[in-house]
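Hi,

Here is the structure I promised to pass on.

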Amino acid sequence: MLTITDLSVAFPASCVQALSEVSFFVAPGETVGIVGESGSGKSMTALAIAGLLPPVAKASGEIRFWGRRFVIGVSSDSDWRAIRGVELGVVFQDPSIGLNPLLSVGSQVSEVLRFHLRKSKLEAEKETVRLFNLLGLYPAKVRMRQFPHQLSGGMKQRVMLAAAICCRPRLLIADEPTTALDVSVQAQILCLLKELTAAADTALLLISHDLGVIAQLAERVLVLCAGQLVEEAAVAELFSRPAHPYTRFLLASVPRLDLPLALKVPAIEDNDQLLSGCGFASRCPERVSKCLSNPPLIRLSHGRKVRCHNRR
Amino acid sequence: MVRRQGVELYLGISLIIFLTVFAVLSPLFANYDPHQTDAERWLQSPGKEHFFGTDRLGRDIYSRVVYGARVSLAVGILAMLLSITVGTALGALAGYFGGFADQLIMRLTDIVLVYPTMLLALTLVAIFEPAIWLVVLVIGGTGWPAVARLVRGEIMRLKNLEFAAAARMLGASHRRVLLVHLLPNALGQIVVAATVAVPAAIMTEAGLGYFGLGIQPPIPTWGNMLREAQNYIRHAWWYATFPGAAIFLTVFAFHLTGEGLRQRLDPKSQSGRERRAYDH
């Protein structure tokens with residue numbers, strides 16, 4: 001359904017390669033997780049799919065989405081707008097700044113319905129009430145008339161979710177949807193995401209640095225490191241048998257109550273940004289000399305790929 | 001103490017209406033011809049006949065203040081509209097699109113900012129006759145860069161908030177994001193700028209008049225009345241006081257209105273729209 005081919009994003013002004021030749025796909029109704037540390041290119045991937053990369057970025061690649069073909073840097077904004085909000089929904093990290101403070105939250109959802117589905121004002125409001133009830137924003141009719149500052153973070157995130165799914169998109173991208181929320185609310189939102197996408201057969205691309213979140217929701221996981229796709233695996237396999245040293249580091253650095261931290265991912269040092277080679281090479285304890293040449297993404301088994309010379 | 005909601009706004013608007021009524025219907029309120037000189041009754045202090053006294057030529061100051069409202073308010077409001085319209089449009093474009101458009105517009109504002117208002121006025125007066133439209137053009141045409149900078153900064157701040165990105169993600173066009181999501185959020189600032197611009201324009205008109213570039217006497221404006229009064233300020237307190245009070249009242253009225261509007265436009269403000277929905 002969604003196929004991304006050789007997606008590269010660079011910021012020439014600051015000499016940053018945000019993504020290099022990332023390719024992956026998402027099947028209809030599937031939940032795919034993207035993990036990686038800060039700056040690994042997770043959010044850039046989301047922006048690229050929506051065609052909203054910052055204008056200073058130099059990007060290339062091709063995106064096929066439900067029979068449409070977008071070439072980054074060639075397709076125009078109006079091409080992308082045909083899918084944004086209708087076939088593609090996005091939920092952002094911080095709900096506190098994701099809603100227009102001057103408009104009631106109900107109107108911010110019903111506006112999307114009116115704009116995309118050409119619903120009448122009354123129909124759109126009815127639909128919004130239904131969505132608010134579905135998402136647990138009670139009492140829906142009162143909540144609709146409230147303004148963002150009158151809602152809590154979790155409620156705002158529910159409103160954002162309502163706006164993103166109101167047109168029944170085929171793909172929902174959730175970019176760190178629970179990072180800004182506290183743990184109990186986080187669980188509620190994750191449950192909602194799961195229920196909603198399952199009920200409407202919406203594919204979910206879940207971006208998170210939280211492996212716990214990924215383990216709960218995702219069926220398949222992509223691991224990004226320094227803009228490279230270093231590993232791809234079914235969620236159970238990734239957690240039981242990580243193939244890339246970076247993935248092992250990520251898994252080992254999840255804090256646990258019963259054990260001291262086993263391994264720590266070394267911090268990225270500014271001065272040894274490698275221009276070629278594996279993105280993790282400068283920090284990898286298992287590095288060998290050929291790591292400085294770009295290792296290919298090797299298919300290990302069905303649906304399992306790794307980019308490492310030293311794979312086990 | 002609980003403050004009555006929106007008192008400023010109602011008081012401000014009432015004052016503006018009051019002043020406007022005086023300006024529009026000045027012949028009804030003035031009891032003398034504002035141009036009528038009276039050689040025997042110059043510099044008379046306020047009394048029954050002349051409410052605000054008379055000036056150096058024996059003209060009735062009250063009538064002149066009433067007639068002066070016409071020119072002063074017209075100049076103030078028209079110049080404000082001009083500078084706010086141009087400044088908001090250019091500032092919003094520069095702030096939203098950035099890059100080349102931003103550079104172009106900001107260099108243009110720099111050029112206008114460094115060009116002295118007086119020099120521009122002199123040039124234009126040399127070409128055309130001094131007239132109200134010219135004064136409006138000079139004041140509005142030199143006032144917009146300040147507004148443009150303000151709006152640009154505000155839009156740049158707002159466009160980096162996620163709701164602009166979220167609106168784009170939901171399929172909104174640039175135009176829609178700018179007009180529906182960003183500009184209304186900058187409106188509070190723009191309204192305040194507008195209410196400051198009106199009295200500023202009235203004062204600039206007075207300043208231009210000082211060099212003979214403003215509205216020409218004998219047409220009374222509050223600005224040129226103040227200028228005339230400055231030589232008599234020690235002998236005739238009423239001469240400068242009443243036009244000054246008129247300017248003060250106008251500034252006050254627009255300030256109150258601006259403050260009230262700003263509060264009303266901000267849903268977070270306590271005296272905003274009446275809201276019975278409960279907060280949790």
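This is a predicted model: local features need pLDDT of at least 70, side-chain atom pairs count only at pLDDT 80 or more; totals for chains, interfaces and linings use all residues.

Chain A first. It has 10 helices and 12 strands. Its radius of gyration is 20 Å, close to the 20 Å that the globule rule gives for 312 residues, so chain A is as compact as a globular protein of that length. If you box up its C-alpha atoms along the principal axes, you get roughly 65 × 50 × 35 Å.

Now the sheet. In chain A, 8 strands make an open sheet with mixed pairing, and the order is 6-7-8-3-9-10-12-11. At the edges stand strand 6 (88-91) and strand 11 (298-301) of chain A; each has a single partner strand, so one side of each is left without a neighbour in the sheet. On average, neighbouring strands here are turned by 20° against each other, ignoring direction. For strand 11 of chain A, the link to strand 12 (residues 304-306) of chain A consists of 3 bridges, and the two run antiparallel. If you want a pair to click on, A:Arg299 has A:Lys305 in strand 12 of chain A as its bridge partner. There is also a helix on this sheet: helix 6 of chain A packs there and touches strand 6 and strand 7 (171-175) of chain A. The direction of helix 6 makes about 170° with that of strand 6 of chain A.

That same helix 6 has a helix partner as well. What is the crossing angle between helix 3 (residues 105-117) and helix 6 (residues 153-165) of chain A? The axes cross at roughly 15° and come within 8 Å. That makes helix 3 of chain A roughly parallel to helix 6 of chain A, and the crossing is right-handed. From helix 3 of chain A, the residues involved are A:Val105, A:Gln108, A:Val109 and A:Val112, and they meet A:Val159, A:Ala162 and A:Ala163 of helix 6 of chain A. By class, this contact has 6 nonpolar residues, 1 polar and no charged ones.

Helix 3 of chain A also packs with helix 4 of chain A, at an angle of about 125° and with the axes 9 Å apart. Among the residues making the contact are A:Gly106, A:Val109 and A:Leu113 of helix 3 of chain A, and A:Ala124, A:Thr128 and A:Leu131 of helix 4 of chain A.

Two backbone details are worth a look. Most residues other than glycine have a negative phi, and most peptide bonds are trans. A:Trp66 has a positive phi, near 50°, and lies in the loop between strand 4 (58-65) and strand 5 (68-71) of chain A. The peptide bond from A:Tyr138 to A:Pro139 is cis, with omega near -20°. You will find A:Pro139 in the loop between helix 4 (121-134) and helix 5 (140-144) of chain A.

Lastly, the contact between the chains takes 17 residues from chain B and 26 residues from chain A. On the chain B side, helix 7 (162-169) and helix 8 (174-210) of chain B are the elements that give two or more residues. Helix 7 of chain B gives the most, with 6 residues. By class, the chain B side has 9 nonpolar, 4 polar and 4 charged residues.

Cheers

Key
Residues are numbered from 1 along each chain as its sequence is written. Chains are lettered from A and ligands numbered from 1 in the order in which they are written. Axes are lines fitted to C-alpha atoms, for helices over the stretch in contact, and angles run from 0 to 180 degrees between N-to-C directions. Helices (H or I, at least four residues) and strands (E, at least two) are DSSP runs, numbered from the N terminus. Angles under 35 degrees count as roughly parallel, over 145 as roughly antiparallel, 65 to 115 as roughly perpendicular and the rest as oblique. A crossing is left-handed if the near helix is turned anticlockwise from the far one by less than a right angle, and right-handed if clockwise. Two residues are in contact if their C-beta atoms, placed from the backbone, lie within 7 Å. Ala, Val, Leu, Ile, Met, Phe, Trp, Tyr, Cys and Pro count as nonpolar, Asp, Glu, Lys and Arg as charged, and the others, Gly among them, as polar. Two strands pair if DSSP finds at least two bridges between them. The radius of gyration is taken over C-alpha atoms; the globule rule is 2.2 Å times the number of residues to the power 0.38.
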